[in-house]
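Trainee: I have a chain open on my screen and would like to learn how to read it. Could you take me through it step by step?

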Amino acid sequence: MSVARIILIVIGLAGLFLGALIMVQKERPDQILGVIVWIGAAIIVHDGILSPLLLLLDVWMRRAGRRIPFGVLVIIQGGVVVGAIMSMLVLPEIYKKSLGTKNPTILPLDYGLNLALFWAAVALLTAAACALYLRRRRSRRDAEQVQPASAA
């Protein structure tokens, strides 16, 4: 194991220990339990739902990759990963807002609508990136085909 990896592991463990120590000192036991439940739910959602769905999408896209250029597959996978990460960040706010709060200014936005708009923006930007990639790829291929003819 390299020295850099060992240093990063030590820094990460020190950060976890410090965070746990501060949380135990400053938070009530029910709040600590809430954090543990949230982390457990995040792991279940990530490992039990999102990762298998992304794996299935990856397998499907790689099978379709015989017809779809590899660059397009990578761009689409990147868009899906960005959307999945944002969903993981926003889903707790959507859930908490559905429960209600004593102070309406704590969660003032419509997080479900915002997440849907975010996914629409990711889809639009992903489609635009794919179109740009395909256009550049086509123009490069056309330039390569023209060059040998003029060189002869």
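## Reading the chain

Mentor: Gladly! Keep in mind that this is a predicted model. In the chain, 56% of the contacts between residues at least 6 apart in sequence join residues at least 24 apart.

Trainee: How many helices and strands are there in the chain?

Mentor: There are four helices and zero strands. Along the sequence that gives the pattern α-α-α-α.

Trainee: And what radius of gyration does the chain have?

Mentor: Compare the value with a reference: a compact globule of 152 residues would be near 15 Å, whereas this chain has 23 Å. Along the principal axes, its C-alpha atoms fill a box of roughly 80 × 45 × 25 Å.

Trainee: Next, the surface. What share of the residues is buried?

Mentor: Buried residues account for 14% of the 152. The chain exposes about 11,800 Å², and carbon and sulfur atoms supply 71% of that area.

Trainee: How should I read the charges?

Mentor: Start with the general idea: side chains of opposite charge can pair when their charged atoms come close. Here there are 16 positive and 8 negative charges, and their mean positions lie 7 Å apart. With a cut-off of 4 Å between nitrogen and carboxyl oxygen, the count is one salt bridge.

Trainee: Which side chains meet in that salt bridge?

Mentor: Those of D30 and R28, at 3.1 Å from N to O.

Trainee: Are these two residues buried, partly exposed or exposed?

Mentor: D30 counts as partly exposed because its relative accessibility is 47%. R28 is partly exposed too, with a relative accessible area of 48%.

Note on methods
Residues are numbered from 1 along each chain as its sequence is written. This is a predicted model: local features need pLDDT of at least 70, side-chain atom pairs count only at pLDDT 80 or more; totals for chains, interfaces and linings use all residues. Side-chain values use heavy atoms; hydrogens and water are left out. Helices (H or I, at least four residues) and strands (E, at least two) are DSSP runs, numbered from the N terminus. The radius of gyration is taken over C-alpha atoms; the globule rule is 2.2 Å times the number of residues to the power 0.38. Buried means under 20% relative accessible area, exposed over 50%, partly exposed in between (1.4 Å probe, protein chains only). Contact means heavy atoms within 4.5 Å. Accessible areas come from the Shrake-Rupley method with a 1.4 Å probe; for residues, only the protein chains shown count as cover. Lys and Arg count as positive and Asp and Glu as negative; His and the chain ends are not counted. The place of a charge is taken as NZ of Lys, CZ of Arg, CG of Asp or CD of Glu.
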